[in-house]
Amino acid sequence: MNEIKPSVCPYDCPDCCGLLVTVQDGRAVHIAGDPNHPFTRGTLCPKMAHYERTVHSKGRIMTPLKRIGKKGEGRFKPISWDAAIAEIAEHWQSIIDDFGAEAILPYSYAGTMGTIGYSAGHALFYALGATSLDRTICAPAKSRGYRDVMGATLPTAPQEAQESDMIILWSISMLATDIHFRHDIEIARQRGARIYCIDTYRTKTADCADAFLCPRPGTDGALALAVLHVLAKEGFCDRAFLRRHVQGAEALERKILPRYTPEAAADITGIPAEDIRSFARAYGRARAPFIRLGSGQSRYTNGSMTTRLITCLPAFVGAYAKKGGGLLTSASGSHAFDKSIIRRPDLERPGVRHINMCELGHALNDASLTPPIKALYVYSSNPACTAPDQNRVMKGLEREDLFTVVHERFLTDTARYADIILPATTSLESEDIYYSYGHYAIQRARAVIPPVGESKSNWQTARLLAKAMHLADPIFDKSEEELVEELIASTKRAWPLPLGEDALQQLRDCRPVNLPLPKDYKMDFQTPSQRIEIENPACQPSLPDYFPPHGDAEPFPLINAPDMRILDSSFNEREELTRDGVMTLLIHPDDAAERSLQDGDPVRARNKRGQAHFTIKTSDRVKRGTLVTEGVWWQCYTKDGNTNRLTSMRLTDKEGGSTFYDVSVTIEKG
Ligand SMILES: Nc1nc2c(c(=O)[nH]1)N[C@H]1C(S)=C(S)[C@@H](COP(=O)(O)OP(=O)(O)OC[C@H]3O[C@@H](n4cnc5c(=O)[nH]c(N)nc54)[C@H](O)[C@@H]3O)O[C@H]1N2
Ligand SMILES: Nc1nc2c(c(=O)[nH]1)N[C@H]1C(S)=C(S)[C@@H](COP(=O)(O)OP(=O)(O)OC[C@H]3O[C@@H](n4cnc5c(=O)[nH]c(N)nc54)[C@H](O)[C@@H]3O)O[C@H]1N2
Ligand code: SF4
Ligand SMILES: [Mo]
């Protein structure tokens with residue numbers, strides 16, 4: 001008999017879709033979108049349309065495995081959970097005895113966005129005294145840039161865009177990464193809104209827009225300043241709003257903006273001055289402009305500053321005071337729950353060493369680290385594929401003296417280097433509660449099918465390891481169900497407005513619930529001055545200004561953007577998705593002609609960190625002088641490693657974020 005059960009898409013995607021899963025004899029046989037979800041409204045992206053193929057893939061790891069071949073060779077033998085846990089505990093204990101607990105490094109990210117699953121290892125590794133991981137791989141510089149201007153002000157809800165007359169898709173690959181926002185845009189468009197896209201190449205998302213601006217990589221800060229220049233000079237500022245609600249607009253106008261004429265910005269960005277002017281005028285004239293800001297601009301050494309500059313735009317025109325106007329960077333759904341319930345920061349030992357996950361390649365190879373990293377525990381992440389400076393990461397993973405445990409669903413690039421692999425459940429096999437970083441709905445999901453094989457969830461595994469390491473804290477006695485109940489109860493203290501009884505019941509019943517937003521939330525500026533802080537005395541410099549990205553010394557900036565078929569390295573298990581080719585390098589036809597390159601030619605892209613092989617595809621979607629590749633592909637689909645052979649461990653200006661796009665290369669045939 002078929003049963004339809006609610007669930008939530010667990011992937012690192014702002015949409016956090018509500019799912020309806022058809023279950024037959026304990027197997028998921030069909031996945032659909034939940035029409036009652038307030039943002040995703042019944043549709044799914046192509047990746048998830050066949051999630052059942054991932055869940056019941058023949059590639060699933062079914063039992064714990066122990067390495068029998070060389071590191072990376074991929075030969076393992078099945079062992080029992082008891083044996084695996086005992087062996088891990090024994091290794092860890094002997095490492096702790098010889099080197100101290102900081103010689104153990106956990107490494108995880110958002111393989112699952114479940115509130116429990118994401119943070120399932122925190123309490124365990126804090127209690128052990130292991131090195132703490134700074135989880136910076138995604139876009140902390142973007143969050144910081146927003147915060148430097150807006151503090152903790154709630155970003156604008158995406159559905160507001162329906163009421164906007166000018167929507168700007170700014171460094172967001174919407175059709176790949178936030179597809180449900182298209183729904184809101186289409187409603188706005190039917191009401192007469194114009195859509196703009198700002199990206200470093202003409203993405204499919206750009207095709208949805210009425211106008212497209214194409215800056216040189218990492219130069220959007222100069223574009224934002226020139227827009228502000230035009231707004232100020234041509235009388236488009238909302239002076240009353242600036243006087244009442246904004247700190248430092250006048251200082252910016254006087255001290256910084258004179259340098260950023262559209263002509264000066266054209267030199268920096270490569271966008272013609274006239275295009276900058278007409279974009280600025282459209283922004284100034286719009287009744288309620290809405291910016292949907294992705295993360296592309298933040299993955300550069302100037303990433304937080306660029307975001308800070310873009311965040312100044314709505315303030316100059318008073319967009320927050322208008323229905324439909326505003327800025328959405330990342331929705332604050334993460335504040336729905338008191339995450340300390342699961343993360344237990346009180347267990348972290350004072351002064352314990354922190355390592356930035358973007359610098360894994362250093363951490364595993366740096367001989368001067370005391371203590372050195374002797375054990376690595378990876379879950380919900382695939383750093384051999386997704387971390388920058390892959391040559392260094394691989395060198396570290398190859399170390400015979402590194403004891404590596406990987407908790408995974410598939411034999412990923414990282415799992416191949418494990419000494420022990422533990423089988424992980426998918427979201428359909430475990431209980432959790434989810435929030436989104438793209439909208440304000442939250443939702444609980446119960447397990448809808450039994451675990452596939454002997455797989456266990458992150459939390460169940462952390463509990464087993466905690467017991468084996470004799471950790472006594474009562475948290476390790478709690479089930480996921482108990483934790484979910486506590487998280488639901490915590491909304492009362494964590495979220496600014498209480499959820500009504502109906503909403504709480506809906507949550508318990510696994511139905512999506514929109515977090516209540518305070519009336520005038522857009523105008524409730526949560527900064528020390530209670531104003532928008534264009535001048536922020538706590539920042540250095542206190543006024544935002546443009547500075548260039550790092551860029552490297554090679555001639556071609558290399559954008560490595562999301563691919564629609566996969567999500568970071570997730571979905572690589574679905575071989576059918578690689579059919580149309582991977583490791584494609586898009587190049588402008590004139591740049592290709594100058595180098596006698598033609599479609600289908602093999603090329604090698606190189607810089608001082610390494611090289612990777614691509615297949616050329618000429619395209620006038622790409623700006624002259626830049627190169628584009630899409631997707632983070634498992635290394636087994638590549639000749640000698642993926643794009644991350646070329647990317648750098650360099651960090652962003654603030655928050656130690658990743659700089660994946662701040663990289664350049666030379667190319668040659670072969
Ligand atoms: N299909 C798919 N969906 C995904 C992912 C995926 O890999 N594939 N990844 C998931 C994750 S982890 C994240 S963090 C989000 C990211 O979601 P997004 O924010 O949409 O993605 P970004 O990687 O930040 O890149 C967005 C766009 O920024 C552009 N860009 C790069 N540099 C610049 C620049 O200097 N200026 C401007 N204006 N644009 C620039 C890129 O060309 C790209 O089209 O997506 C999530 N969803
Ligand atoms: N070149 C380049 N590199 C990039 C990016 C880029 O744009 N360009 N994007 C970067 C960004 S924004 C991010 S966020 C990172 C993300 O990089 P990662 O953190 O490596 O994310 P994924 O590649 O999605 O890998 C997640 C893994 O978790 C596993 N998994 C899923 N669910 C569970 C679970 O419940 N438990 C366990 N134990 N495992 C599970 C999946 O099978 C998958 O292998 O990649 C970064 N890397
Ligand atoms: S990956 Fe994103 S768009 Fe696709 S189903 Fe999941 S949450 Fe929805
Ligand atoms: Mo990310």
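**View 1. K47 and ligand 1 in the predicted model.** This close-up comes from a predicted model. A polar side-chain atom of K47 sits 3.5 Å from a nitrogen atom of ligand 1. The protein covers 96% of the 910 Å² of accessible area that ligand 1 has on its own.

**View 2. Backbone atoms of G218 and I566 beside ligand 1.** Here the protein partners are backbone atoms. At G218, a polar backbone atom is 2.8 Å from an oxygen atom of ligand 1. At I566, a backbone N or O atom is 2.7 Å from a nitrogen atom of ligand 1.

**View 3. The shell around ligand 1.** How many residues surround ligand 1? There are 31. The closest are T177, D199, D220, G296 and Y661. By class, the shell around ligand 1 holds 15 nonpolar, nine polar and seven charged residues.

View 4. Why does ligand 1 lie between domain 3 and domain 4? Both domains give residues to its shell, so ligand 1 lies between them. Domain 3 spans 156–329 + 521–533. Domain 4 spans 556–669.

**View 5. Ligand 3 and its surroundings.** Ligand 3 takes up the space of the largest cavity. Its surrounding residues include the cysteines C9, C13, C16, C17 and C45. D15, L44, K47, M48 and H180 also surround ligand 3. The shell around ligand 3 divides into seven nonpolar, one polar and two charged residues. K47 is one of the residues around ligand 3, and a polar side-chain atom of K47 also lies 3.5 Å from a nitrogen atom of ligand 1.

Technical notes: Residues numbered from 1 in each chain as written. Chains lettered and ligands numbered in written order. Predicted model: local features only at pLDDT ≥ 70, side-chain atom pairs only at ≥ 80, totals over all residues. Heavy atoms only, no water. Near = heavy atom within 4 Å. Polar contact = N/O pair within 3.5 Å; in protein donor to acceptor, adjacent residues only side chain to side chain. Areas by Shrake-Rupley, 256 points an atom, 1.4 Å probe, with all protein chains shown as cover. Nonpolar A, V, L, I, M, F, W, Y, C, P; charged D, E, K, R; others polar. Domains from an automatic or database assignment. 1 Å grid on protein atoms, 1.4 Å probe; cavity = no way out; pocket = protein on both sides within 12 Å on 5 of 7 lines; lining within 4 Å. Sits in = over half its atoms within 2 Å of the grid points.
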